[in-house]
Amino acid sequence: MSYDVIISGGGLLGLITAVGLSNNSISVAVIEKNNLPRIIDDNRAFAISQGSRKILEKLGIWQFIESEAEPILDICILDENSPITVHYNHKMVSEEPMGYVINSTVIWNAINNNFLNKLNIYSLHSYRTITCDAGYVEVTLGNNQKLISSLLICAEGKNSKLPGLFSMSIIKFDYKQSSIVFNVKHELHHQNLAVEQFFPGGPFAILPMKSGYTSSIVWTEKSEISKMLMSLSEEEFIIELKKRFGSYLGEVKLDGERKSYPLSFASAKKLYKSRVLLIGDAAHSIHPVAGQGLNLGIRDAESVVRQITAAKAFGIDVGSSYLLKKISRDRCLDNFTMALATDGLNRIFSNRIFCAKTLRNFGLMAVENSKFLKKRFIRHAMGFV
């Protein structure tokens, strides 16, 4: 079978990219080793920036998830026991929310129910061989079926082996931290406020969810501490949780399971080689300190869809080095600055060094007292880069 583009990886980002390309009459095949439709049973929630909302709206996806999206109107940043806080109010930049919190199940259900049947899906299949010639890519699946296209997009995530097959250099290191992700119910309404508090072990984020009395927690700790916390009973875990959560939302209780995810950094030195293009976590896996991982990937997808659509309209080879270089240039600054910012924030805030703490306090004070800086940071958080 022949297609304009083959996407390897049927996760959220791979499917969002496939939807965008298909909407613009680009023929796409999606290869996914696991079964699709994917059944999601975790409690993960995603923070979707205002910029990402606009992209999903253009792709026709947002209308199916909008009713379950909880707006983030304000963000509060705290540094452990420091009296200095930074408060971001969306009205400094726009009447629109800074972003939205959406349960992963909601997004998956929207994709499964409204788009999967319109896509060419090869699920429960992996590639056996990939051959890149001067004018095409040939992918041989495990069942010996051959797919041919002008471009292969890798959206397999940070554990992808595909960059290694093409000797694409990836900078990687382990943060030696893990994020425990879970939901809580609380006594008081969250007022659409997102809170991020920094501790020596890592950031502790509280994201407002639908109903007003539920929030998603992303609790980052050093890996050994995280393992210990995961081993606690529910009652013991709640005791530790309250030490960080505070009392501003009243009594809290767990809502569903806890899950732990190890954190690592990965960044491709170059996004493409031959006719292979990396997007999402396969290209850049960043620290979740600012909740921007999926948003960064969505901006990758937008760039890919926009530029491939324009190239095909002008009769340009969608797998040409000219086009891949253009996409790479378009994404380079955003990817680099976000990776640098999230890594830097984690390093500066996740320690007890006196000089770092003094620097943090000075920085927080400067931001809190500067409308210019606040507006810049709010626009960045909203995805207007």
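In this predicted model, strands 5 and 6 form a hairpin. Five residues, written here as 5, lie between the two strands. Within the turn, E80 has a positive phi of about 40°. The two strands run antiparallel and are joined by 5 bridges. Strand 5 covers residues 74-79, and strand 6 covers residues 85-89. Among the paired positions, L78 has T85 of strand 6 as its bridge partner.

Strand 5 also pairs with strand 14 (residues 193-199). Here the sense is parallel, with 6 bridges. I75 is bridged to A194 of strand 14. Of the 6 residues of strand 5, 5 are buried, so the strand is largely enclosed by the rest of the structure.

Helix 3 spans residues 104-114. Its buried residues are S104, V106, I107, W108, A110, I111 and N112. The elements covering these buried residues include helix 1 (12-23), strand 3 (45-49) and strand 7 (99-103). The N-terminal end of helix 3 is capped by N103. A side-chain oxygen of N103 lies 2.9 Å from the backbone nitrogen of T105.

The largest nonpolar core comprises 70 residues. In soluble globular proteins, nonpolar side chains tend to be buried together. The residues with the most contacts inside this core are V5, I7, L21, I102, I153, L277 and I308.

Notes:
Residues are numbered from 1 along each chain as its sequence is written. This is a predicted model: local features need pLDDT of at least 70, side-chain atom pairs count only at pLDDT 80 or more; totals for chains, interfaces and linings use all residues. Side-chain values use heavy atoms; hydrogens and water are left out. Buried means under 20% relative accessible area, exposed over 50%, partly exposed in between (1.4 Å probe, protein chains only). Helices (H or I, at least four residues) and strands (E, at least two) are DSSP runs, numbered from the N terminus. Two strands pair if DSSP finds at least two bridges between them. Contact means heavy atoms within 4.5 Å. A polar contact is a pair of N or O atoms within 3.5 Å; within protein, one must be able to donate a hydrogen and the other to accept it, and residues adjacent in sequence count only if both atoms are side-chain atoms. A nonpolar core is a set of buried Ala, Val, Leu, Ile, Met, Phe, Trp, Tyr and Cys residues joined through side-chain atoms within 4.5 Å.
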